[in-house]
Amino acid sequence: MSVRLSAFVALFLGLFLLSGAQAAGLPDFTELAAEKSPAVVNISTTQKAKRPKLPGFEMPDLPQGGPWDELFKHFFGGNGEGFGNGAPEREARSLGSGFVIDANGYIVTNNHVVEDADEIIVRLSDRRELEAQLVGSDPRSDIALLKVEADDLPVVRFGDVDKLKVGQWVMAIGSPFGFDHSVSVGVVSALGRSLPNENYVPFIQTDVAINPGNSGGPLFNLDGEVIGINSQIYTRSGGFMGLSFAIPVDVAMEVVAQLKESGSVSRGWLGVLIQDVTRELAESFGMERPSGALVAKVLDDSPAAEAGIEVGDIVIEFNGRPIIYSSDLPPQVGRAPVGKPSSMVVLRDGRRRHLKVVIGELPEEEELRQAGSGESARGSVPRVGLKLGELSAEQREQLGLEKGGLLITDVEEGPGARAGLRPGDVLLKLAGREVEDLAQFRELVKGLPTGRPLPLLVLRGDAPMFLAMRLDGE
């Protein structure tokens, strides 16, 4: 009886543990990894790099085979040549990942993996090594398209990013630190992330372990479909710290289609500088809650100027898609068809306005004027705690201002300091009124209400921005 009882208990515990794992919804990635790995490739590049010349430095006379031998060979050269002896070229190598999107040899990776490479070598899952040609690349989205001479290659399938949800399981395959076909798994942490200097990609954030060498590799969903291209990590150590970012595959494939057709990418351009709407700014504009992209500047001769978009407008919808954060707008504009009308909804003076704008092509480099320095007439406005100077004609020309504007020369304790104003800021608008000169600004401040935030437009460096200032009672 005791043997039978023990067997029954063991069976019961096994079923309990199995049902617990199933109830937890933990997926099995074994079949997925085996099926999808063949379409993932390792990418290595070489680049000629000159050694720096430092006169008077030569290879030290050290015993061969010592612990510092390789280090000094790297910097000084293997034969005592290096600094001060002709500075021979050496090959800089980098590693990354990619995946096959076409059986005839088209491969997608990151731009930063192959940028400035003299030679690109693709290693396939069957260990063949093929030289790849760069079809085209797009630094703004960090996408590059390669081509190798091969047939009948295994390819990936693409998933629907719009169906992706936070908390969903995903799997990455790549070559971290050169270890081919390494698999790591995790979940989607967030969608539509905006990163500094990456305005045109709404990144997928995950907690999948991504390290140097994973760049350009695919991110799969549980259906075995690619939903992203692993691109960046947030780290303070140089290694994975739980925050990795992937380019959505729909964004990447739109770029790839243009690279395949013309070798370059055309991207939509509106011609505005925008910022987030804070809680206080929302209150100052009469909004129930903060949302949208606040227009801080409309560039001259831009599509926005042609469409009648004004400084202070809050874009809340673009081509039928809601704009919740200011970072939602640039990717939508970038993907809009150039030369064709797009629809916008903006809040202006508390009312919704529907606008049509013909999207232009994003220039290669946006030239922004730098603010000048100097002073003209000076004065203080105690009610806001500011010392101000009027701009000279030369300063206005440098700033791109036709008229008006006041330079903040000092910020004292008061409403201005609490609003975040700084010396060097240029006041452009207060409560919807243009700032013309010192006398007019003083009169304007006298008539403003107290106890509620008022929108204040300033120019800080080369970037206009809105702040909310709440005036004290008399």
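Some ground rules before we start. Residues are numbered from 1 along each chain as its sequence is written, and side-chain values use heavy atoms, with hydrogens and water left out. As the model is a prediction, local features need pLDDT of at least 70 and side-chain atom pairs count only at pLDDT 80 or more, while totals for chains, interfaces and linings use all residues. Strands here are DSSP runs (E, at least two residues), numbered from the N terminus.

Let's begin with S9, residues 169–174. Is this strand mostly buried or exposed? Five of its six residues are buried, so S9 is largely enclosed by the rest of the structure. Buried means under 20% relative accessible area, with a 1.4 Å probe and protein chains only.

Now its neighbours; two strands pair if DSSP finds at least two bridges between them. S9 runs antiparallel to S10, residues 182–195, with six bridges joining them, and methionine 171 has valine 185 as its bridge partner there.

Which strands pair with S18? S17 does, antiparallel over two bridges, with leucine 294 opposite isoleucine 314. S20 joins by four antiparallel bridges, and valine 315 partners valine 346. S19 contributes two antiparallel bridges, with proline 322 opposite glutamate 317. In the S18–S19 hairpin, two residues lie between the strands, and asparagine 319 has a positive phi near 50 degrees.

Technical notes. Buried < 20%, exposed > 50% of the residue type's maximum accessible area, 1.4 Å probe, protein only.
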